[in-house]
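Please prepare a report on the structure shown here, with attention to how its chains meet and to the criteria behind each count.

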Amino acid sequence: MTELPNKAIGYKQDFSVEELVGKHIDGVTGLVFETEEDYLNHVSPVTGATPKDIEHQDALTDGKFSKVSEAALKRGEERKEE
Amino acid sequence: MAATIEIDEANGAGETLTHNITNTNMGSSDAANLDAVANPIVPGDRTYIKYQKFHVTNMGGSSKIDNLKVWRTGSLGTGGTHAHVTNARTSSYGGALTYATPVNTAVTGVDQTMPTSEPGSANLGIGGSLTGNLTATGSSDYLGHQITTDASATAGSTSTMNYQYDETA
């Protein structure tokens with residue numbers, strides 16, 4: 001049996017709709033967590049990083065997320081100078 | 001380092017939150033990461049409304065996230081009359097959309113036409129205001145959107161949703 005990541009309570013398909021009320025689901029893996037904090041702090045079995053790490057998003061988007069960030073920062077700086 | 005942001009979607013009667021959705025497909029079921037082929041819309045029906053939000057999971061040393069813009073690129077398909085409606089708007093913003101169990105009927109306040117190019121200014125709020133911002137982890141207001149069809153609508157349209165934010169170091 002595969003061990004669940006820290007704080008995960010199972011996979012989405014293991015729960016009924018009623019049991020999922022108020023829960024937090026990782027959209028990539030289907031892992032279910034009781035709280036948002038548990039979700040944010042778990043290490044993804046897909047990326048090896050937590051959802052708080054930019055490496056997590058980069059791994060899921062083939063590096064595109066870093067470019068999204070760069071563009072967002074550029075827009076923010078341009079508006080600051082206006 | 002930059003902020004880390006994901007798009008989340010809420011579903012169900014009790015607001016089950018799916019983090020970091022992998023698609024925003026719309027159809028005849030209330031579910032995140034929907035399989036549109038398995039959940040086709042009957043022509044004349046609306047899709048189930050989507051309740052989605054920007055979620056900052058880490059500010060990454062940046063000071064502010066704001067100026068949220070959403071829009072769709074690509075057509076809604078051929079045959080009949082379609083519309084993509086939303087609560088997003090650049091003026092007369094109605095405040096934060098309150099979550100309710102998603103339905104496939106009209107929702108009050110979700111009656112604006114989804115832009116098909118980048119809006120000139122923010123069209124989704126934070127804390128109920130288009131001039132709102134996030135300076136710590138947290139989420140935007142809910143973006144509500146759905147597709148309306150008529151009896152002549154044909155299946156199989158694919159387009160792209162854009163979710164854009166500005167970040168200040």
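## Salt bridges

Over all chains, a search of the whole structure finds nine salt bridges, a salt bridge being a side-chain nitrogen of Lys or Arg within 4 Å of a carboxyl oxygen of Asp or Glu. The structure is a predicted model, in which local features need pLDDT of at least 70 and side-chain atom pairs count only at pLDDT 80 or more, whereas totals for chains, interfaces and linings use all residues. Residues are numbered from 1 along each chain as its sequence is written, chains are lettered from A and ligands numbered from 1 in the order in which they are written, and side-chain values use heavy atoms, with hydrogens and water left out.

Within chain A, the side chains of A:Lys74 and A:Glu78 form a salt bridge with an N to O distance of 3.8 Å. Both A:Lys74 and A:Glu78 belong to helix H3 of chain A, where they are four residues apart, about one turn of the helix; helices (H or I, at least four residues) and strands (E, at least two) are DSSP runs, numbered from the N terminus.

## Extent of the interface

Contact, meaning heavy atoms within 4.5 Å, joins 30 residues of chain A to 27 residues of chain B. Between them the two chains bury about 2,300 Å², 49% of it on carbon and sulfur atoms, where buried area is the accessible area (1.4 Å probe) that two parts lose on being put together, summed over both. A:Leu73, A:Arg75 and A:Arg79 supply 20% of the area that chain A buries against chain B, more than any other three residues.

On the side of chain A that touches chain B, strand S2 (24-26), helix H1 (36-41), helix H2 (54-60) and helix H3 (64-81) each supply at least two residues, and H3(A) gives the most, with 10 residues.

S2(A) also pairs in the parallel sense with strand S2 (residues 16-19) of chain B over three bridges, two strands being paired if DSSP finds at least two bridges between them. In this pairing, A:His24 has B:Leu17 of S2(B) as its bridge partner.

## Confidence

For the complex, the predictor gives an ipTM of 0.93 and a pTM of 0.95. Chain B averages a pLDDT (the predictor's confidence in each residue, from 0 to 100) of 94, and 99% of its residues score at least 70.
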